[in-house]
Amino acid sequence: MQGKQSQGKKVVIIGLGLTGLSCVHFFLSHGVIPRVMDTRAVPPGVEQLPKEVECHRGSLNNQWLQEADLIVASPGIALATPELQQAANNGIEIVGDIELFCREVDAPVIAITGSNGKSTVTSLVGEMAQAAGISVGVGGNIGIPALSLLNQGHQLYVLELSSFQLETTSSLKALAATVLNVTEDHMDRYPLGLAQYREAKLRIYHHALNCIVNAQDPLTLPQHTDEEACISFGVDSGDYYFDTQQRTLVAKNEVLIKVDDMHLTGQHNYTNALAALALADIAGIARHASLSVLKNYAGLTHRFQLVLLNNGVRWINDSKATNVGSTEAALNGLKVEGTLHLLLGGDGKSADFTPLKPYLAQDNVRLYCFGRDGKALAQLEPEKSVLTETMEQSMRYLAPNLKSGDMVLLSPACASLDQFKNFEQRGAIFAQLAKELG
């Protein structure tokens with residue numbers, strides 16, 4: 001339903017905020033006045049709605065939904081919602097903002113998903129393109145909604161896509177697509193478990209010209225594509241790999257960069273850098289531009305970010321670790337001379353925490369658990385765990401015992417919404433307390 005074809009259609013948009021507003025402006029620019037609904041009583045962005053757009057708040061308006069020709073659903077609403085199921089059964093088309101974008105876009109798209117690392121890889125590829133003098137639009141699940149990037153004359157688009165966005169997308173034809181990794185997340189939205197979540201992620205490969213896969217994670221392989229069509233990245237194996245002996249990044253047997261020349265640290269970040277390089281190479285981004293970005297790129301806030309180094313103690317903010325796999329990625333291959341003081345807790349979104357056990361069993365690890373699922377996390381290693389109500393209490397408890405060589409790591413393995421506005425607020429408070437206590 002491109003541009004002109006949408007005229008005269010009844011369009012309903014579910015969910016406001018930046019993405020919802022981008023959909024409203026998209027339809028208005030095509031001569032269609034959509035209706036908007038949001039289950040929140042005071043949704044963000046409601047004051048910016050043009051006067052002619054009707055808005056229903058506080059619940060779903062099922063009458064509007066069943067009268068629609070097209071429903072544009074926010075990624076935050078499950079397709080399993082009864083009202084949406086009813087609409088689908090009535091033959092009403094349900095899409096998301098990414099699908100609208102894919103039907104209009106006229107330049108190559110690099111598409112990135114994964115349980116962890118996707119924001120880092122998306123911003124890296126965006127910076128590599130910029131460094132090479134390419135006009136690039138970066139957005140999607142990170143930063144700017146995809147529809148807001150259209151009509152700006154970009155030569156390339158780099159999109160971060162969530163599993164929820166991919167569920168409502170069928171017209172994506174990416175120049176290169178990657179699933180960086182698949183670990184348990186959002187199990188509250190995927191009652192059939194990991195296989196159902198993985199299936200949503202793998203939709204990114206449909207119609208993709210090139211698939212970039214993780215050599216260490218068989219769940220990232222496309223189900224129906226010939227493996228020869230895939231380019232792989234990994235640790236000590238893959239087309240692009242991190243050589244753990246020489247501590248270099250290698251592409252097709254050519255040494256590209258020493259990891260010690262990069263700002264990014266941690267094995268998970270080295271594989272993120274490899275994925276970004278593989279995507280950039282396919283997009284025709286000059287290799288020297290990509291490598292110059294890798295030397296200078298300091299990483300995103302709240303993603304394994306060093307916020308303080310004082311008296312030999314490193315305080316690391318990895319508040320973006322909102323699931324178990326992300327915390328595993330932070331702990332995998334982590335070298336700490338002294339004691340690792342690990343802060344865990346929040347809302348685990350019905351996840352299974354047991355994959356963390358091998359990392360927590362190491363002699364030099366101490367746990368400080370807080371929030372809704374603090375008790376369940378403390379039970380992983382009861383002898384080495386301190387249970388508190390809040391993150392602040394945990395930090396005040398551990399601070400007096402720190403010695404040079406220690407690391408305090410906030411990598412909570414949980415969402416933050418039980419005690420904080422979002423993971424950014426949790427990370428900011430951690431950084432503020434680190435400066436006070438450290």
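Modeller: Let's start with a definition: two strands pair if DSSP finds at least two bridges between them. Keep in mind, too, that this is a predicted model.

Biologist: Okay, let me try that on S20. How many bridges join strand S16 to S20?

Modeller: Four bridges join S16 (residues 313-317) to S20, and the two strands run parallel. Looking at individual residues, Trp315 stands opposite Val408 in S20. S20 is also joined to S17 (residues 340-345) by four bridges, again in the parallel sense. There, Leu343 has Leu410 of S20 as its bridge partner.

Biologist: And what about the two faces of S20, covered or open?

Modeller: Here's the general idea: in a regular strand, side chains alternate between the two faces of the sheet. In S20 (residues 407-410), Met407 and Leu409 sit on one side, with Val408 and Leu410 on the other. All four are buried, so both faces are covered, where buried means under 20% relative accessible area.

Biologist: Which strands pair with S8?

Modeller: S6 (residues 109-113) runs parallel to S8 and is joined to it by four bridges. S7 (residues 136-140) also pairs with S8 in the parallel sense, over five bridges. Now follow Val158: it is the bridge partner of Ile110, and it is the bridge partner of Val138 as well.

Biologist: Next, backbone angles. Where does Asp236 lie, and what is its phi?

Modeller: In general, most residues other than glycine have a negative phi. Asp236 is not a glycine, yet its phi is positive, at about 60 degrees. You'll find it in the loop between S11 (230-235) and S12 (240-243). Ala413, not a glycine either, has a positive phi of about 65 degrees, and it lies in the loop between S20 and H14 (423-437).

Biologist: Is that Ala413 buried or exposed?

Modeller: Ala413 has a relative accessible area of 1%, so it is buried. Asp236, at 43%, is partly exposed.

Biologist: Now contacts. Which residues does Val12 touch?

Modeller: Val12 is in strand S1 (residues 11-14), and its 2% relative accessibility makes it buried. Leaving out residues up to four places away in sequence, Val12 touches Arg35, Met37, Trp64, Leu65, Ala68, Leu70, Ile71 and Val72. Take Ile71: it is 59 residues from Val12 along the chain, but their C-alpha atoms are separated by 4.9 Å.

Biologist: Where is Leu180, and what does it touch?

Modeller: Leu180 is in the loop between S9 (176-179) and H7 (194-202).

Biologist: Last one, the whole protein. How many helices and strands are there?

Modeller: It has 14 helices and 20 strands. Its radius of gyration is 23 Å, close to the 22 Å that the globule rule gives for 438 residues, so the protein is as compact as a globular protein of that length. The C-alpha trace spans about 70 × 50 × 35 Å along its principal axes, and 55% of the residues are buried. Among contacts between residues at least 6 apart in sequence, 63% join residues at least 24 apart.

Biologist: What about charges: how many positive and negative side chains are there?

Modeller: There are 34 positive and 45 negative side chains, and the centres of the two sets lie 3 Å apart.

Terms used:
Residues are numbered from 1 along each chain as its sequence is written. This is a predicted model: local features need pLDDT of at least 70, side-chain atom pairs count only at pLDDT 80 or more; totals for chains, interfaces and linings use all residues. Side-chain values use heavy atoms; hydrogens and water are left out. The radius of gyration is taken over C-alpha atoms; the globule rule is 2.2 Å times the number of residues to the power 0.38. Buried means under 20% relative accessible area, exposed over 50%, partly exposed in between (1.4 Å probe, protein chains only). Contact means heavy atoms within 4.5 Å. Lys and Arg count as positive and Asp and Glu as negative; His and the chain ends are not counted. The place of a charge is taken as NZ of Lys, CZ of Arg, CG of Asp or CD of Glu.
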